[in-house]
Amino acid sequence: MSSSVERTTQLPPGVPLHARPAGRIVREASRHDATVTITFDGDSASARSILELLALGAEGGVELVVSASGSEAAGAVDGVIDVIAGLAAAPGGPGQAPVDDSGEPADQ
Amino acid sequence: MPASERVLRGIPAAGGRAEGAITVWSSDASVPAGSGSGGTADDALEALRQVGEEFAAAADHLRSLGWREEAAVLDTNRLMADDPTLAARTSALAVDRPPAAAVVEACEEQASKLADLRNPMLAARADDVRQIGRRAAKLLTRQRLAAPTGSILVAAELGPADVVDFVGTSIRGIALAGGSLTSHAAIVARGLGLPMVVALGDDLMTATDGDRMLLDGGAGVAVLHPAERTRTKFRQRGAATASGERSTSPRGTAIDVEAPTLRCNASTLAEIEAGLAAGAAGVGLLRTEIPFLDATSWPSEATSTLALAPLLIALRGHTATVRLFDFGGDKVPPFLTDPADRGVGLLLEHPDECSAQLRAILRCGLGSTLRLLVPMVETAQQLATVRDVLAAAIEECGPAVASQPRLGAMIESPDAVSHIDEIVTVADFVSIGTNDLVASTLGIARGDPASSAAAAADPAVIGQVARVVEAARKASIGVAVCGEAAAIPDIARTLVGLGVTELSVAPSRLAAIREAVRSNAQPELAR
């Protein structure tokens, strides 16, 4: 059964959508039988494409729209939103400090 | 009707003989080469998948060593190689292009989207994407060479970065329309014992895939469409040469000069494997810049790791003498525009990039006896500065790579020789690069055929070597020779007689040089 779901979220402040955070979103989106799209400032990206996500150029703290269609649309949107929320707090991962693409705090 | 026989004369670049059908090859992925350059979109997608697997394997390797952060960087590169948007664009472009061109162009499209955002972090990712394209194109080339129309590679030129494409394939000989004797492709060909003739002229490029050829690397001759009579003569001469080689039996084993340590020069896994199989005591010169001669940015720690990991894994338990990037001179990649300096001078202008390479070497080199070789050292101060950068890199890597690798200076110019007494006070060993030393001492260009290795026998060059040996002896450090001169038996004997403690030569020369230095103690008159 197919359905369509859409929710709005915010990138944690200080966490731009660079390679490591984008990679986490790709891995989560790929787990679900759903077509997941992330929209920022009028541009849309497939959540399974790290290159499209990076090309959004989203900085920390901005608003993102996560939408999905397909049999696991609801689970996919929830999962991706959880991943985005967790980017700030993931243990050993990027915290509140600005992160570079290795995921390490930029000031180290 | 069979085409008529044509004899082409060029310059012998690597000895040996080969007979077979040819594969016409172009290093430019956008230009279809010969008639066998086909391939489909599926080939391009398969190449991207393989690049993704390479990243995954390198990430696993780093993770097994406990470097989770570094592994995560390679994981994101893997996601890029596996990216569905990239795959879709590659498929679309492959409709009317060779697969290698399609994958390079698709990566360029995606890279320029990232570069347009004018964010330095994303610009670095743009370079990662471009590199994925080039790597996939190389795999497609390799795939073609692995199943070639013929066993003799024919090309207009071979760029220095192209050498990695034909090592380990079924190619048994190389014929070039252009090229030079001292090109890096020629050095690798000699290393692998592949016959090679250069400067055969543009007529060579009239040949097409599958044409028959006889190639005599020692004579510098290629025969296209050979007549049956020519082929028979060629085979007879080959057999005579082979039996002649067998008759040069060992000349005795008297040794009263300490036998030097024999290692091999390498820039590829194939050369390392060939060298170890031929009994080399590890690698005396690992050239790290060769895979990056077509790079558009300084290699990052991750890209260096990807290039180095397979080489240094193969050298576990052996001596691995890794030379830091030797860019400049005749090795200028696109990211360096007209550099004023070369070798260590250039590295010290880019300390962060130097440190990134050092970290990659330190991490990949775990498990081998690691030695670092600094190219084109001319003053003690340069080496001391590298030692400082190295100390900081070791600190950054943490306790896993705590051991201090030995740091050596490559001596390749008269200026370096004139400062040798100071250099040996800060070096753990020195290695003489005769290719450049010969060229600069005798005032000839490195690409000049006259700067052949044999010119190292010139008294002016031998005098320079003797000065270096004397200074090293006083400082109680080892002195190696890793230039091509060390691969010439008579010169190798001379070098050992002067007191050189280590020779590093192309894998294919190990047997001959072992034989030559074994009989080193025999007086000239006895022969």
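**Note on the two-chain model**

1. Chain B holds 19 helices and 16 strands, where helices (H or I, at least four residues) and strands (E, at least two) are DSSP runs numbered from the N terminus. This is a predicted model, in which local features need pLDDT of at least 70 and side-chain atom pairs count only at pLDDT 80 or more, while totals for chains, interfaces and linings use all residues. Residues are numbered from 1 along each chain as its sequence is written, chains are lettered from A and ligands numbered from 1 in the order in which they are written, and side-chain values use heavy atoms, with hydrogens and water left out.

2. Of the 527 residues in chain B, 52% are buried, a term that stands for under 20% relative accessible area, with exposed meaning over 50% and partly exposed in between (1.4 Å probe, protein chains only). The accessible surface of chain B is about 20700 Å², and carbon and sulfur atoms account for 53% of this surface; such areas come from the Shrake-Rupley method with a 1.4 Å probe, and for residues only the protein chains shown count as cover. Among contacts (heavy atoms within 4.5 Å) in chain B between residues at least 6 apart in sequence, 68% join residues at least 24 apart.

3. Strand β4 of chain B, residues 152–155, is paired with two strands discussed here; two strands pair if DSSP finds at least two bridges between them. Strand β3 (residues 17–24) of chain B runs parallel to β4(B) and is joined to β4(B) by three bridges, with Leu153(B) as the bridge partner of Thr23(B). Strand β5 (residues 173–176) of chain B also pairs with β4(B) in the parallel sense, over four bridges, and there Ala175(B) is the bridge partner of Val154(B). Ile152(B) and Val154(B) point one way from β4(B), whereas Leu153(B) and Ala155(B) point the other way, and all are buried.

4. In chain A, four strands form an open sheet in the order β1-β4-β2-β3, with antiparallel pairing. Because β1 (3–10) and β3 (43–46) of chain A stand at the edges with a single partner strand each, one side of each is left without a neighbour in the sheet. Neighbouring strands of this sheet are turned by 20° against each other on average, direction ignored, the axes being lines fitted to C-alpha atoms (for helices over the stretch in contact) and angles running from 0 to 180 degrees between N-to-C directions.

5. Strand β2 (residues 35–40) of chain A is joined to β3(A) by four bridges, and the two run antiparallel. Ser44(A) is the bridge partner of Thr39(A), and Ala45(A) is that of Ile38(A). The hairpin of β2(A) and β3(A) has two residues between the strands, and in this hairpin Asp41(A) takes a positive phi near 55°.

6. Between the chains, 19 residues of chain B are in contact with 20 residues of chain A. The area buried between chain B and chain A, that is, the accessible area (1.4 Å probe) that two parts lose on being put together, summed over both, is about 1700 Å², and carbon and sulfur atoms give 67% of this area. Glu69(B), Leu79(B) and Met121(B) supply 28% of the area that chain B buries against chain A, more than any other three residues.

7. Gln110(B) lies in helix α4 (residues 99–115) of chain B and counts as buried because its relative accessibility is 3%. Not counting residues up to four places away in sequence, Gln110(B) touches Leu51(A), Thr85(B), Leu86(B), Arg89(B) and Val129(B).
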